[in-house]
Amino acid sequence: MSNPVNTLGGAKTTGFVTVAEMPPHGMITLRGDFAAAKFKAAVKKAAGAAIPAQRKVAVTDKATLSWMSPDELLLVLPYDKAAATQGALAAELDGTHFLAENVSDARVMFQITGEAALIRELVAKLAPVDMSPEAFAVGDIRRTHLNQIAAAFWLEDDSRLNVVCFRSVARYLFDLLEVSAVKGSEVGLFA
Amino acid sequence: MSTRLAKGGRLLDRSKQISFTFNGTRMTGNAGDTLASALLANDQMMMGRSFKYHRPRGVVASGAEEPNALVGLGSGARFEPNQRVTTTELFDGLEAGSQNHWPSLEFDIGAVNSAFARFLPAGFYYKIFKYPQSFWKHVYEPFIRQSAGLGKAPDKDTYDADRYEHFHAFCDVLVIGGGVAGLQAAFAAGRAGAKVIVMEQTAHWGGRAPVDGGTINGGSVDKFVEETVSELEAMPNVTLRLRCMGAGVYDHGYVLGYERLTDHAPQDGLPRHRLWRVRTGQIVTATGAIERPISFAGNDIPGVMLAAAIRDYAVNYGVSVGDRTVVVTSNDDAYRTAIVLKEQGLEVPVVLDARANGGGELADRARALGIRVENGKAIAKVKGGKRVTGVAICAQVGEGAVLEEIACDAVAMSGGWSPVVHLWSHCGGKLIWDAAHCMFCPDGDNPPRGADGNGFVIPAGSANGAMDLAIALADADRAGRDAAKATGHSPARATLPEAEQAAENAIEPVWMMPQGAGIKLRMKAWLDYQNDVKVSDVQLAAQEGFESVEHAKRYTTLGMATDQGKLSNINGLATLAGSLGADIPAVGTTTFRPPYTPISMGAIAGAARGATFQPLRRTPIQEWHEENGAFFEPVGHWRRPYCYLRNGESHGAAVSREINATRGSLGLLDASTLGKIVVKGPDAGKFLDMMYTNMMSTLPVGKCRYGLMCNENGFLMDDGVVVRMAEDTWLCHTTSGGADHVHAHMEEWLQTEWWDWKVYTANVTEQYAQIAVVGPNARKVLEKLGGMDVNAETLPFMQWAEGTLAGIPARIFRISFSGELSYEVAVPASHGRAFWDKVLKAGAEFDVTPYGTEALHVMRAEKGFIMIGDETDGTVIPQDLGLNWAISKKKTDYIGKRGQARSHMTDPTRWKLVGLETVDGSVLPEGAYAVAEGNNANGQRNVQGRVTSTYHSPTLGRGIAMGLVLNGPERMGEQINFPRVDGTPVMAKIVDPVFYDKEGKKQNV
């Protein structure tokens, strides 16, 4: 059995913050009726959390559960748990209208670490999102774009931000984050 | 001469010297200088030549409004033309060169144009360069291109050495302009708790109030600025940005700010400009006002400057523009210049006040200093060529009879002030004419309005027509509080700073000096310096019927230069109004459009350059391709190997080698880019029957079916193999470039039309690396890898299986696009490279050969399979391609069915797909047309078909092609002519499009 490999081989770069490719994560796209009791129960069982509100993310020791759209959730969990969780969800939801796809390999996750204000600045260089602490805090997620590509991000805590993009454009995103985090190009808006 | 004074210069650091070059000559300035003040300190009054007449020109202004003093800055990869010296901060090593002259600034051949000025009036080009028509391309256009133009374009072989970036910011109140009004507005809004950003285009706070004098709270304006800035800095909700220009105001409170980060201190690696993309609730435009020139003969001679600019150079930079400065004015403000110069010990021979009754308090103060003041007097003309040598004086009300000549080396002129209403106007803010002050002001009742119908821009200070210091501060305070209130904050009661400024007499409009100037004088009175438009040109335009200000602008080019008429706009339209006998407000202004001053292309591009110019999509096997000689071609944002080059072979040879190896033994294709969309739900079958022309709901679980997807008009949009994964789940393969579009197409129908159908889709394209294992030995190598049963009985053609292959979870689809025995293996993307390597290793004994997209294309063409984008171009329906077998007759509907029933779609003369074989075996030219007898109504040769794809087939050893031909399928064996571009004929025989293995035996073994 071969092991899953990092798209960029665990690339890492340090400017005014540090950007690092995370090891492969398990990810499941889950679509269904948020109002249905059976769906809610299955989500709770798989993620250990209730369905988050719009643009919110719930972090438990089992998984990270993100709101993606009015009928779509993203479940982030350890890579080797994805297939089993997908199977368990399918079993729980059998007979209802739902979709649970394993998309672990379709995405790449980066983590940006460093000074809280500077992490926000780096994202604000690339995303049309209000990154001020009043507008975006731990528990929020934004599904948006970083310059020319689709991406989603949320704060793990004040000094760690996770960014997810499609696998094929991981190199672009890494290069973009690297060039935008050059020391000396801090903006100073959130400081 | 212009020189550095012994004292003065509030922005200057005299302890720090800076060296720079102008036209290759080394010069020295001081820290705090602009390039303009440094050049003047070095007695470099003449800074360029004008656009049309190549007249000598010097600096006129001291800020962003400067029309004349444009230079080329830097060299090589950092060269930038048309940079205003007035907004260029001096730095060590700065290189500047003047523009639009040959052979030198001092001696210029083109200046001969000036002698012929009377033959080059407005509309000259339109009138002269007209006949004969054939002269335009080869005579007129090259001549005009040669003689026109300001700065040179950068060298085409260099690339901008700098980098740029964007920044997204959000606030309640954005204050544009950091003068005293902007600071006061920011203070009022900030104190109310609003989130405020203040943008100031220069490197200093306070604007021009510190130069103009007056007192605030009993102290100097500088002190007030310093205190207010430090109070604002202490507010956590307020952000202050210097060197950041509010460039444009757009709908929904969107504003672009242009921040110049390192222009004043170039540094490698750091962004040079940052484009702020701001969303704000309210915008306060505290953008100040710009002084107007006066239209008198010779007002463009170097040494004639705006009165306030001469004052700025003296006060801010300790620079005197001349030893003897004549002041000419229509208002009280210019007296400040006379007073400043006199107090610095310079000569002011006379103040010419065009008003019969003259000025007020400031005029009295000037007289008290011993300055001669002449009321009702004007300049008849300025004397001098490359530099002012004197002025001839006349009565303003006369026709220019000279009363007296006075020697001087500078002229300070002031025709009044115009509020900077650009940003107010960008989004539709209206203007009103304030006749008392001779200026257009923002019309507070008609602001630019947002979606809620309320205004979102509030003008403040002199930008709102408040020219008195105390009134401007009160106005700004009101603007700041209004902006805070509009964004949901509760501003405190105003606590206004107390300001005092000299009382002023009313301005009188002076649109022509003297009032009755004859044509000779008018032809030397410039309105638009940068585009060489004179009073006489605008009058001629009016005479010739260009009555609309927008038409007159384009006919004369008034205000169309890089300065966009900051100085010329009001004078020009007043001249037009005068010629038409109309009121100024009836004539109106031209449209103010962003950006306020030119911003760099780099700032607009931001990070999009080099590696981050565009996201290039990479498959899990991309690195292997790069390391193994792949020659790439773009497919959407993917870069797919076109072929793999070995040992110096040509592309053609590589393609032939790859095809022969695949058909002969074993080929390998990275097909990861193929779109993969999961469609699931109780209504998924019904949904896919609508999406595809053929029946997908009846496809048994475990089987694959080729499907066609059309748009609403019936045109073929995409194709691919659809797989039934489970009772309620299908997997739709799409073309590489079509994945996102097809997914969006599906979602659009689901969300807008069939919202009650129970179907979910998910684009899982990137979840899988998909590798086609192709050729007679394909089965053997999969058996060798082991783990799944791939024999012909267990896994027949057009079926699929799931399992573990070579220790990797895999799905095997037995589908073929090449006509050979073929398995497409999908593995999780992060195992993709591992699987590829395993196939290469196991396939070594079969001479496994990775092949690229060109081999793929040729092999499919040999089999007569169509290619989306080759055989289709958005105007082709499946019936044209003989794909009727893939169109279900049983279904009542599918997307495109109605379109395909339209008369033009069922026309039997629509060109149809056939194979084409050249008689001589050559390869038909790409896109060639088959000619028919006769000509059409346009005199063009009639045509009867065209080539859609054409290749050399190494399998058949000859050229093969597919094409759409009139009645093609009924004309098998007939020869038709596809002439080359040079007209020589290429005869091709119409044949069946399937050239290879017509029975399909090879793929079904």
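Strand E2 of chain A is joined to strand E8 (residues 107–113) of chain A by 4 bridges, and the two run antiparallel. Strands (E, at least two residues) and helices (H or I, at least four) are DSSP runs, numbered from the N terminus. Two strands pair if DSSP finds at least two bridges between them. Within this pairing, Ala20(A) has Gln111(A) in E8(A) as its bridge partner.

The model is predicted: local features need pLDDT of at least 70, side-chain atom pairs count only at pLDDT 80 or more, and totals for chains, interfaces and linings use all residues. Residues are numbered from 1 along each chain as its sequence is written, while chains are lettered from A and ligands numbered from 1 in the order in which they are written.

E2(A) also pairs with strand E1 (residues 12–14) of chain A, again antiparallel, through 3 bridges. A hairpin of 3 residues leads from E1(A) to E2(A), and Thr13(A) has Val19(A) as its bridge partner. In a regular strand the side chains alternate between the two faces of the sheet. A residue counts as buried if 20 or more other C-beta atoms lie within 10 Å of its own, as exposed if 12 or fewer do, and as partly exposed in between, with C-beta atoms placed from the backbone.

Chain A also holds an open sheet of 5 strands in the order E4-E5-E6-E3-E7, with antiparallel pairing. Its edge strands, E4 (57–59) and E7 (99–102), each pair on one side only. Neighbouring strands in this sheet are turned by 20° against each other on average, direction ignored; axes are lines fitted to C-alpha atoms, for helices over the stretch in contact, and angles run from 0 to 180 degrees between N-to-C directions. Inside the sheet, 5 bridges join E5 (residues 64–69) to E6 (residues 72–78), and Thr64(A) is partnered with Val76(A) in E6(A).

Where the chains meet, 39 residues of chain B are in contact with 39 residues of chain A. Contact means that the C-beta atoms of two residues, placed from the backbone, lie within 7 Å. On the side of chain B that touches chain A, strand E9(B) gives the most, with 6 residues.

The largest nonpolar core has 352 residues, and among those that touch the most other members are Leu75(A), Leu173(A) and Ala185(B). Such a core is a set of buried Ala, Val, Leu, Ile, Met, Phe, Trp, Tyr and Cys residues joined through C-beta atoms within 7 Å. E9(B) gives the most to this core, with 9 residues. Not counting residues up to four places away in sequence, Ala185(B) touches residues including Val175(B), Val284(B) and Ala460(B).

Chain B has an open sheet of 3 strands too, in the order E23-E24-E25 with antiparallel pairing. E23 (377–384) and E25 (404–407) are its edge strands, and the twist averages 25° from one strand to the next. E23(B) and E24 (residues 388–395) are joined by 7 bridges, and Lys377(B) stands opposite Ala395(B).

The last stop is helix H15 of chain B, residues 549–556, whose buried residues include Val549(B), Ala552(B) and Lys553(B). Helices H14 (535–543) and H16 (569–580) are among the elements that cover them. After H15(B) comes Thr557(B), with a positive phi near 70°.
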